[in-house]
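Me: I would like to learn how to read a few features of a protein model. Can we start with helices?

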Amino acid sequence: MLFIKDIEITNLIIWSIINTFLKLELLLAIVFFLSTFMSNIMVIATSLMVYIASHSYSLVLDMLIKTKNELFINIGKLIQILFPPFEALNTKDLV
C-alpha cells in the first residue's frame, strides 16, 4: 500500500510494522495457550480482555500512582507481570 501511494518508507515505518507484528505474535501465543484448556468463547473473551488491559495498563498505573496508596501501587505492579506491555510497542501514532 505504501508503494501504491508513493510514501517514502522510513525506519520509523519499518519499526512500526515490526512492533505491530510482535504485538500480534504475543497475542497469538496467549490465544494458543488459552485454547488448550478453555472453550472457544472463553478464549475470545479472555484474549480481548488481555488485549484491552495490556493497551490501557499505563493509564491504570498512572491512576494508581495518583491515589498514593502503596498497596494499590504494588498490586498494580504485580499485575504488570501478567500482561504484556502492548502500549510500549505502539509506535503507529508516531508514524
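Reply: The expected span of a helix is 1.5 Å times one less than its number of residues. This is a predicted model, and in it helix α1 covers residues 11–35. Its 25 residues reach 36 Å from first C-alpha to last, close to the expected 36 Å.

Me: Which residues of α1 are buried?

Reply: First the general idea: an α-helix has 3.6 residues a turn, so residues three or four places apart point the same way. In α1, the buried residues are I13, S16, N19, K23, L27, I30 and L34. Among the elements that cover them is α2.

Me: How many aromatic pairs does a search of the whole structure find?

Reply: The search finds one. F33 and F37 make up that pair, with 5.3 Å from centre to centre and 80° between the planes. Planes over 60 degrees apart count as edge-to-face, so the pair F33 and F37 is edge-to-face.

Me: Is F33 buried or exposed?

Reply: Exposed means over 50% relative accessible area. F33 has 55% relative accessibility, so F33 counts as exposed.

Me: And S54, buried or exposed?

Reply: The cut-off for buried is under 20%. S54 is at 2% relative accessibility and therefore counts as buried. The residue sits in helix α2, residues 40–55.

Me: What does S54 contact, leaving aside its neighbours within four places in sequence?

Reply: S54 is then in contact with F83, P84, P85, F86 and E87.

Technical notes
Residues numbered from 1 in each chain as written. Predicted model: local features only at pLDDT ≥ 70, side-chain atom pairs only at ≥ 80, totals over all residues. Heavy atoms only, no water. Helix = DSSP H or I, 4+ residues; strand = E, 2+ residues; numbered from the N terminus. Buried < 20%, exposed > 50% of the residue type's maximum accessible area, 1.4 Å probe, protein only. Contact = heavy atoms within 4.5 Å. Phe/Tyr/Trp six-rings, centres within 6.5 Å; stacked < 30°, edge-to-face > 60°.
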